[in-house]
Amino acid sequence: MRSLVALRHFCAAFALLLFGLSPALAEKRIALVIGNSAYSNATALANPRNDARALADKLTSMQFTVMLHEDLDGQSFRIALGEFSEAALNADIAMVFYAGHGIEMAGQNYLIPVDARMRSESTAQFETIPLEQVLESVRGAKKLGMVLLDACRDNPFANTMQRKDGTRAVKRGLSPVPVDGERGLIISFAAEAGRTADDGDTRHSPYTEALLETIDQPGIEVNRLFRAVRAKVREKSGGKQVPIEYAQLPDEDIYLVSGAAPAPDPVPPPAPVVQPAPPVEDPLLIYIQASSRRDLAKLEDFLRRYPDHIRAPDAQRLVSQLQEDKIWAAAQTADTADGYEAFLSAYPEGANADRAKERLAALRPPPAPQYTGSCSPLNGALAVSGIPPDDTLFLRQGPGTSFSEVGELAFNTVGVHEVGCNNGWCEVVHGCTRGYGSQKYLRAGVASPAFSTDQGNYSATGLAAGGRIPVLSGPGAQYATVSELTADATGIWVNACDTNPGDPYAWCSVSWRNVAGWVYGAYLLDGMGRQPFAASQPAPPPQPAPVATTGQSCFDLWYARNAIFAARGYCFSSAEGKKWFDNSQCTTSSPSLSAAEKSTVDAIKAREKAQGC
């Protein structure tokens, strides 16, 4: 299929060159085309992917270099926009087409990635893409920048988002975009400001369908092109939907496809109105008025129009301060740990950074450490068995359900030491956790733990150098602290994770050297930079456990590799091996590893070789 599409585009381009239908082919044209359909926290849209693919094909045939993306999350959206902005710097014509959800907040327009949760206006501004950033990406075009938004659909977040004033009345549709002072820019909305657009009952939305029917007509000038699109949408929707444009077009006519022009409009254009010459303005006066009123929009306009003015540095500093104040006010209004973390990620050294850290510590305090010391080796003969993957084995103070809980073991815990069993209860030790568990869930000879979607190698995060991460006997702050992890610990093996209502992060069953217990997910980071959140995620297919190697010392790599052999009963002969691993339960000098374990060992060896260990 890709080969046929490429061949079709090649033939179309060759025909245009052969017959000289488009003298504009020498122009550099570039387009970013995005279709967001698969929203994870709202009902999926049927047509944006179809719209984006069809328009990408059409633009390719018109000699545009097309960057096509589908179902972008927030991070991918920003990366795609940055790559397009760089590529569009020297283009003659730069176009962005977006199909998906958009929203207006406080008079500003935002495009919504597919992973956005949009719980409140305060947090939504950190999840969305400001339309202003999209406009900025096309302003560098030499002739014309175009932004086409099929994003005025009936927004599913509008009825659920919490506004700053306590209401849920989020406006539908998008807000008008001022174009005063712009040059060579056109912005097209699928519907008028404040109105919604139809997603369409066919393969395409009415707006995209009209665009596909019109955009490659030969000899139609850009201004007239969008008038034709507007007329088609009005006709298709029975007058219920009318697109609108905001434009400051260049003095010269712009044709996307040259050739014989279509029949002229039946209504002659009105006589030109002679406008009086604009008054000469004083940039210094504009700066003084904007700065004295602390008007962010006017200060940004001053910088855009007079970037080399002597007061431009002062204006930029004030803009930065006002932007920080705006985000800080939003964080205070939301008063959530996520909001303060977002502020600190944007302004780690800002004027309010210390206050944000204090509030964050109050909202998400770490469990206080109560114990530090050595723990028993994690090489016992018992393993937890028969527990469902979403459950744990309770350990109690005594042999019976009448005794209080002192800890929990994950459903796939191995290396448990048996102290003694009687009447269906076994006293066991795992690291520094000791208690009584039901004998029917403890089995001997289990060689490898059951798979969990959370398991893998993690690194410590979230504490300054020299700090300590508490390890608890169970998944919750109500359990005792039994040991600690250092703030720079790497190669932390996570068996499985559990969630508690109200906790934004999961609690994870971990083992590290001879330390075992539960650690709050805010202190764990895997090799892909992810943390174990409490929110449920689709379970990925079983994969070999990744090896977190960034920043690991040669010792950490050596220990992580040999811990796999120790779990398989390997007998260590070297003094260093005996120092860190208990030989009392070893059975072989040639253990049999699973395919996943072999893959992990090979990855660790490669890292050791790269570090010259």
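## Basis of the values

In this predicted model, local features need pLDDT of at least 70 and side-chain atom pairs count only at pLDDT 80 or more, while totals for chains, interfaces and linings use all residues. Residues are numbered from 1 along each chain as its sequence is written, and side-chain values use heavy atoms, with hydrogens and water left out.

If residues up to four places away in sequence are not counted, Leu149 touches several residues, among them Tyr98, Leu111, Leu174, Phe189 and Tyr207, a contact being heavy atoms within 4.5 Å.

## Arg29

Arg29 lies in strand β1 and counts as buried at 3% relative accessibility; buried means under 20% relative accessible area, exposed over 50%, and partly exposed in between (1.4 Å probe, protein chains only). Its side chain makes a polar contact with the side chain of Glu27 (3.1 Å), and a polar atom of the Arg29 side chain lies 3.1 Å from the backbone oxygen of Met62. A polar contact is a pair of N or O atoms within 3.5 Å; within protein, one must be able to donate a hydrogen and the other to accept it, and residues adjacent in sequence count only if both atoms are side-chain atoms.

## Disulfides

With a disulfide taken as a pair of cysteine sulfur atoms within 2.5 Å, the count comes to 3 disulfides. Cys421 is joined to Cys426 (S to S 1.9 Å), in a right-handed link with 110° about the S-S bond; Cys421 is partly exposed at 32%, whereas Cys426 is buried at 2%.

Cys497 is joined to Cys508 (S to S 2.1 Å), and the torsion about their S-S bond is about 95°, so this disulfide is right-handed. Cys497 is in strand β20 (residues 492–498) and Cys508 in strand β21 (residues 507–512), 11 residues apart. The sulfur atoms of Cys571 and Cys586 are 2.4 Å apart.

Terms used. Helices (H or I, at least four residues) and strands (E, at least two) are DSSP runs, numbered from the N terminus.
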